[in-house]
Protein chains: 2
Amino acid sequence: MGRVIADISMSLDGFVAGPDDGPGDLPIGRGGERLHRWMFELASWRAQVGKDGGGDRDGGGQNSGGEDGGGQDSASAGAVQNGVASDLMEEYFRRSGAILIGRRMFDHGEPVWGDEPPFRVPVFVLTHRPRAAEAKRGGTSWNFVLDGVASAVAQATAAAGERDVAVMGGGQVISACLAAGLLDELRLHLVPILLGGGVRLFADSADPAVGLEQTRVVSSPGVTHLFYTVRRPTA
Amino acid sequence: MGRVIADISMSLDGFVAGPDDGPGDLPIGRGGERLHRWMFELASWRAQVGKDGGGDRDGGGQNSGGEDGGGQDSASAGAVQNGVASDLMEEYFRRSGAILIGRRMFDHGEPVWGDEPPFRVPVFVLTHRPRAAEAKRGGTSWNFVLDGVASAVAQATAAAGERDVAVMGGGQVISACLAAGLLDELRLHLVPILLGGGVRLFADSADPAVGLEQTRVVSSPGVTHLFYTVRRPTA
């Protein structure tokens with residue numbers, strides 16, 4: 001069975017969307033697009049969404065700290081480390097057999113993603129609004145889950161088979177998974193900007209009993225990728 | 001002239017002190033002591049406060065990303081990297097010619113620091129309560145600043161001479177310095193714990209116009225050290 005992995009970009013002041021987020025002009029809030037710039041320029045992202053080119057913006061992606069929590073699993077020559085962030089995203093897409101997102105993220109994304117969404121696997125949408133499942137071109141399907149986050153994770157896990165479940169956000173869905181002991185891994189892309197408001201990933205009510213083990217840190221000039229293994233409190 | 005450098009430990013959910021902080025039993029709030037464990041075990045910290053031994057807990061401190069924002073300035077052999085975090089703290093103490101702290105941190109610390117505080121340089125305390133300056137043993141002095149954070153930074157800068165000013169906290173003092181364009185560098189020690197409440201370093205009112213450039217990332221299993229150059233908005 002695969003793992004359940006949440007992955008999201010967060011500003012240094014803790015926000016995963018800027019102020020005044022909503023459908024329309026500001027899908028991720030004021031300034032929120034700055035959270036995702038690093039990703040849109042990666043070769044792996046551009047390949048996934050069907051664009052040519054791209055490439056690690058700075059050529060400086062760098063892997064620091066191995067799965068053992070202290071080793072070094074990157075070569076020391078600068079050139080070899082080019083594209084580490086891109087490789088991480090490529091692996092993330094390749095290993096994901098199903099995706100879980102929230103209703104707000106779905107509403108924001110659906111018009112943009114079009115007839116051939118970039119996911120190419122079943123996507124489960126946590127929502128309160130009944131809607132029929134729908135197959136899209138290229139392998140993506142929309143599947144609407146009405147009975148809560150645990151059910152959504154269970155359905156996505158079943159669909160993913162041996163592959164992982166990618167919990168892509170928004171922040172509320174990831175927080176709910178974390179609080180419910182449903183995550184195996186949390187990947188934060190920490191972006192050195194201040195948004196000054198919006199949607200926090202961690203509200204004032206995070207559970208101090210959730211155990212996080214920092215397993216890997218990869219830095220590029222515009223972002224630091226932080227990997228944490230979650231010790232599920234209830235599993 | 002030296003630089004003005006803020007340095008503080010923050011939980012993954014953004015807190016620099018846990019819930020219910022106050023003088024007495026919980027100087028840094030419930031669970032807040034977990035923020036500083038990584039530091040108390042460093043050889044450099046123990047040397048500064050006059051204890052023997054110590055050492056990088058995990059032997060895995062690892063430097064990723066140079067001042068150029070993308071290079072690698074650590075050797076690749078594991079043994080060479082032992083104590084990177086310790087070396088960073090040693091350099092931080094050595095380069096600090098004056099220290100700036102808030103009144104709450106001072107109140108919490110004064111009984112603990114005793115007659116020979118570990119700072120060994122002039123310490124400026126931002127406060128509203130008049131109190132006479134006081135010289136302690138070993139080079140530390142207490143100097144109370146009543147007329148605001150800009151004045152405190154100016155006085156500390158004058159006292160530091162060619163060396164740096166270390167803004168050690170708490171969070172409110174660092175936030176005030178950041179907002180007022182008084183910081184040259186921000187160093188965050190990001191600890192993989194959730195505190196679930198307490199004092200946030202970044203409230204909902206951080207200024208999105210503050211420019212941060214990520215210049216260095218050093219990871220150890222229990223903490224990631226993040227260095228940001230601040231582009232002072234008003235300087």
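Residues are numbered from 1 along each chain as its sequence is written, while chains are lettered from A and ligands numbered from 1 in the order in which they are written. As the model is predicted, local features need pLDDT of at least 70 and side-chain atom pairs count only at pLDDT 80 or more, with totals for chains, interfaces and linings using all residues; side-chain values use heavy atoms, leaving out hydrogens and water.

Where pLDDT is low, the predicted coordinates should not be read in detail.

Over in chain B, strand 11 covers residues 211-220, and nine of its ten residues are buried, so the rest of the structure largely encloses it. Buried here means under 20% relative accessible area, exposed over 50%, and partly exposed in between (1.4 Å probe, protein chains only). Helices (H or I, at least four residues) and strands (E, at least two) are DSSP runs, numbered from the N terminus. Strand 11 of chain B pairs with strand 12 (residues 223-231) of chain B in the antiparallel sense over nine bridges; pairing takes at least two bridges found by DSSP. The two strands make a hairpin with two residues between them, and B:Ser220 sits opposite B:Val223.

Helix 6 (residues 149-160) of chain B runs for twelve residues and spans 16 Å from first C-alpha to last, close to the 16 Å expected at 1.5 Å a residue (1.5 Å times one less than the number of residues). Its buried residues include B:Val149, B:Ala152, B:Val153 and B:Ala156. Among the elements covering them are strand 1 (4-11), strand 4 (96-102) and helix 7 (171-179) of chain B.

In chain A, A:Ala176 belongs to helix 7 (residues 171-179) and counts as partly exposed at 29% relative accessibility. Its C-alpha is 7.1 Å from that of A:Val149, 27 residues away along the chain.

Methods:
Contact = heavy atoms within 4.5 Å.
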